Amino acid sequence: MKAAVLVFPGINRERDMARTLKLVSGSAPNMVWHAEHDLPAGTDLVVVPGGFSYGDYLRCGAIAARSPVMDAVRAFAGKGGLVLGVCNGFQILCEAGLLPGVLMRNENLRFICRDVYLKVERSDTPFTRGYNAGQVIRVPVAHGEGNYIADGETIAKLEGEGRVIFRYASPDGMIDPNWNHNGAINAIAGIVSERGNVLGMMPHPENHVEEAIGRTDGRGLFAGLTAALSKAA
Amino acid sequence: MKARVTVTLKTGILDPQGKAIEGALRSLGVEGVASVRQGKVFDIELEAGDPKKAEALLKEAADRLLANTVIENYRVEVVG
């Protein structure tokens, strides 16, 4: 794996992400500053980490999405390159037009920082091959704007094409408004692009990868990516 | 030349901030408020003096950055 982790002013989860990538894949990622016009040669995975790029000014992710490096990411994704956006990274990918829809203020207006349960809808993607379809994983969220929404037509398309990859669920995998913490439409926690090579998700799988933390449910995502990329290489 | 871009949420998009403000007005005893929708106002100083050019520039600014047209509408005005 030759990952590139994008770094924007105000981002604060890039080191967690880099640590996890190194731990699971064995190779440390390149950290790529937002003002760069190119990704390092040979990059096979771009990760847009979480945090508060530009202090969430204007709209979450709006200013980061217009950074020079995002043109390179757009070109990379256009060629089928794998892109993972977590939390603010998901917001940035939506603002950049790489994923449809938008993340609105949480329905209860509160910043939510806790573990959530996610139902993995599909295991036949490079991001989720480390899981079984229908499996429930427990990972943390930390966001104020995670309430996913798009117009009805887009939602119907996402659902029809099986592009909802993660949903907020109960511990036994039931989709229930009580477990949909931020009020996202159809309990959507993560979606992929039309070609399936760009994943955006609000929860932080990179924070549940070590026994010392108590849980390792997030590891499957990075192990799956590592396997997918070593197979492709 | 001075200009103003007003960005508002599209109809039908849930506005939790507007709802909270609405609730706060009610609890303050400000009566007669049926609903509140929150938006943004950008006051912009332009170098150009040509109103036609100014309008085109403001539209570009709004389309490319100031508004997320998935959920927001905008209105541009050249104030003079």
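Reader: Which residue is the bridge partner of A:Val5 in β2(A)?

Author: A:Met31 is that partner. Keep in mind that this is a predicted model. A:Leu6 also has a residue opposite in β2(A), namely A:Val32.

Reader: What makes β1(A) and β2(A) a pair?

Author: The cut-off is at least two bridges between the strands. Strand β1 (residues 3-7) of chain A and β2(A) have four bridges. Therefore they count as paired. The sense is parallel.

Reader: How does the chain cross from β1(A) to β2(A)?

Author: The path goes through α1(A). This β-α-β crossover is right-handed.

Reader: Which residues have the most contacts inside the largest nonpolar core?

Author: They are A:Val5, A:Leu6, A:Val46, A:Leu93, A:Leu118 and A:Ala189. This core has 76 residues. Take A:Leu118 as a case. Beyond its neighbours within four places in sequence, A:Leu118 has contacts that include A:Val136, A:Phe166, A:Tyr168 and A:Ala189. There is also a second, separate core of nine residues. Among them are B:Ala3, B:Ala54, B:Ala62 and B:Val76.

Reader: Why is A:Ile155 called partly exposed?

Author: Count the C-beta neighbours inside 10 Å. A:Ile155 has 19. Buried needs 20 or more, and exposed needs 12 or fewer.

Reader: Where is A:Ile155, and what does it touch?

Author: A:Ile155 lies in helix α4 (residues 152-160) of chain A. Not counting residues up to four places away in sequence, A:Ile155 touches A:Ala150, A:Ile185 and A:Asn186. A:Asp115 is 40 residues from A:Ile155 in sequence and 26 Å away in space, C-alpha to C-alpha.

Reader: What is the sheet of chain B like?

Author: This open sheet has three strands, in the order β2-β1-β3. Its pairing is antiparallel. The edge strands are β2 (39-45) and β3 (72-78) of chain B. The twist averages 15° from one strand to the next.

Reader: How do you know that β1(B) and β2(B) pair?

Author: Seven bridges join strand β1 (residues 2-9) of chain B to β2(B). Two would be enough, so they count as a pair. In one of these bridges, B:Thr6 has B:Val41 as its partner. Helix α2 (residues 51-66) of chain B lies across β1, β2 and β3 of chain B, at about 155° to β3(B).

Reader: How many residues does each chain bring to the contact?

Author: Chain B gives eight residues and chain A gives eleven. On the side of chain B, helix α1 (residues 16-28) supplies the largest share, three residues. That side divides into six nonpolar, two polar and no charged residues.

Definitions and conventions. Residues numbered from 1 in each chain as written. Chains lettered and ligands numbered in written order. Predicted model: local features only at pLDDT ≥ 70, side-chain atom pairs only at ≥ 80, totals over all residues. Contact = placed C-beta atoms within 7 Å. Nonpolar A, V, L, I, M, F, W, Y, C, P; charged D, E, K, R; others polar. Core = buried A, V, L, I, M, F, W, Y, C linked by C-beta atoms within 7 Å. Right-handed = clockwise from strand over helix to strand, strands pointing away. Axes fitted to C-alpha atoms, helices over the stretch in contact; angles between N-to-C directions.
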